[in-house]
Amino acid sequence: MPPPSLIILISLFSVLSLSSSQPPPLLRTLIDCGATVPSTINGLQWIPDTGYITSGTSKNLTIPVLDRTLSTVRSFPLQNNLHRKFCYVVSVFRGAKYMIRSTYFYGGINGNDPLPVFDQIVDGTLWRVVNTTEDYSDGMASYYEGVFLARGKTMSFCIAANSYTESDPFISALEFVILGNSLYNSTDFKQVGLSLVARHSFGHNESIRYPDDQFDRVWEPFGEPVIPPSKNVSVSGIWNLPPSKIFETEFPMGRSSLRELRWPPVPLSNSMYYIALYFADDHNSSTGGSRMIDVSINGVPYYKNLSVTPAGAVVFATKWPLSGPTTVALSPATGSSVDPLINGGEVFEVIALGERTLTRDVIALEALKSSLQNAPLDWNGDPCMPLQYSWTGITCSEGPRIRVVTLNLTGMGLSGSLPPSIARLTALADIWLGNNTLSGSIPDLSSLKMLETLHLEDNRFTGEIPLSLGNIKGLRELFLQNNNLTGQIPNNLVKPGLNLRTSGNQFLAPPPS
């Protein structure tokens, strides 16, 4: 079996100029969930979440916290909300890559109930299961980080209760940070996203983040601190733009027992992974000779004869299969007398992006939502995807084109009107809107060629019945009783195969016989 595909980049200043990998102006949206006022923390501006979500309840923690963003949460009621999602919607630049980071600190907000386990979703793609139990027992917050492409002018991040959720889901903080074009640029973000498993700076004794990392990526410490004397490196041209601080320390692997590194420190699920390993060394130091390294992962050759220089080097794979415990082995290449070292590493799970609801259907549903005065609380994010978390009252098709096929909001206590744009939901087969207080006229629905059922009974619709309804050949049920409709009942609605009900209106004449 051939080794997995591997993409190698040796970053030398003489080959790559920094101008080719400079990120665009740094833009970030930092949301302090549940907060009521903005704040500045470590030089970064945080804003309340009220402009990004319309559901959930703001709660204050009653225990001391180290980070101000952990002192409040937004909580979402579990009762009657199983398989419903609650979404933050953030404006973004279409086509840009974003680091999305969600942070959770429980703080006992659900009293004696068990800590909730729940799903998080990005733009209709089921991303990760959130389980903060272990971190919270150690007094720590949990965070999840991923890299996703903005496929529209907004991106949605959703919290969702599943069958394993036992108490109210919550969130403490949410970040959207635009990344430079060069970062992780070997990944096809139109097809996949990256979900962070581990990011470490080897030999450091504390985390590295903003301002050392301009994108505020978190580089956790790994191993005993080792700061070599008179280390003189000047790293440049590495497309992922790791902070220079990770190269101030190193993890030497001189003794044979240390040449195999159990990293990342957690067992991995059977999947494909993006792996990036970072190296830099002052080969003019007193150690003598050049530092050449062979790298393997779980016994499979990863890269041979890697030349580590002061300008730095990174070796990375875009899709490398891993499962269970992982071992990174470094050894001197043939002819090299200098022991290997490593400075940093990142591992992401590669996750396939889910399908998305057809754009025209999304636009039509958003117009319907705007025309309703009290739309369901979970009408945010992608209407159909994931299918188990489709909007209340929405049924969708499966396959390459995700369409809305049923709209059932019977007895939901809705008020407002039906916009003409509902006719753009051209895959609709059934509309059930009875027993609400909807008003205004009935729009022209003749474009809904697939429509079989139209229930608008027990509302407050006014005006005449559109003549165009009679042109929908497949219509089998048309329930209009108990509204305030006037005028004549169109002759083309009185035909075999159509169950027509119109009693309780103010027609000028009874339906023709």
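Colleague: What is the pairing of the bonded cysteines, numbered in sequence order?
Modeller: The pairing is 1-2, 3-4. This is a predicted model, and the count comes to 2 disulfides.

Colleague: What makes Cys87 and Cys158 a disulfide?
Modeller: Their sulfur atoms are 2.1 Å apart, and a disulfide needs them within 2.5 Å, so the pair qualifies. Cys87 is in strand S7 and Cys158 in strand S12, 71 residues apart, which links distant parts of the chain.

Colleague: Why is the disulfide of Cys87 and Cys158 called right-handed?
Modeller: Because the torsion about its S-S bond is about 105°.

Colleague: What about Cys384 and Cys396?
Modeller: The S to S distance is 2.0 Å; the cut-off is 2.5 Å, so this is a disulfide too. Its torsion is about -80°, so it is left-handed. Cys384 lies in the loop between helix H2 and S26, and Cys396 in strand S26, so the bond ties together parts 12 residues apart in sequence.

Colleague: Why is Cys396 called buried?
Modeller: Its relative accessibility is 14%, and buried means under 20%, so Cys396 counts as buried. Cys384, at 0%, is buried by that cut-off.

Colleague: What makes S26 an edge strand?
Modeller: Strand S26 pairs on one side only, and so does strand S35. The open sheet has the order S26-S27-S29-S31-S33-S35, with mixed pairing.

Colleague: How do you know that S31 and S33 pair?
Modeller: 3 bridges join them, and pairing requires at least two, so they count as paired. The two strands run parallel.

Key:
Residues are numbered from 1 along each chain as its sequence is written. This is a predicted model: local features need pLDDT of at least 70, side-chain atom pairs count only at pLDDT 80 or more; totals for chains, interfaces and linings use all residues. Side-chain values use heavy atoms; hydrogens and water are left out. Helices (H or I, at least four residues) and strands (E, at least two) are DSSP runs, numbered from the N terminus. Buried means under 20% relative accessible area, exposed over 50%, partly exposed in between (1.4 Å probe, protein chains only).
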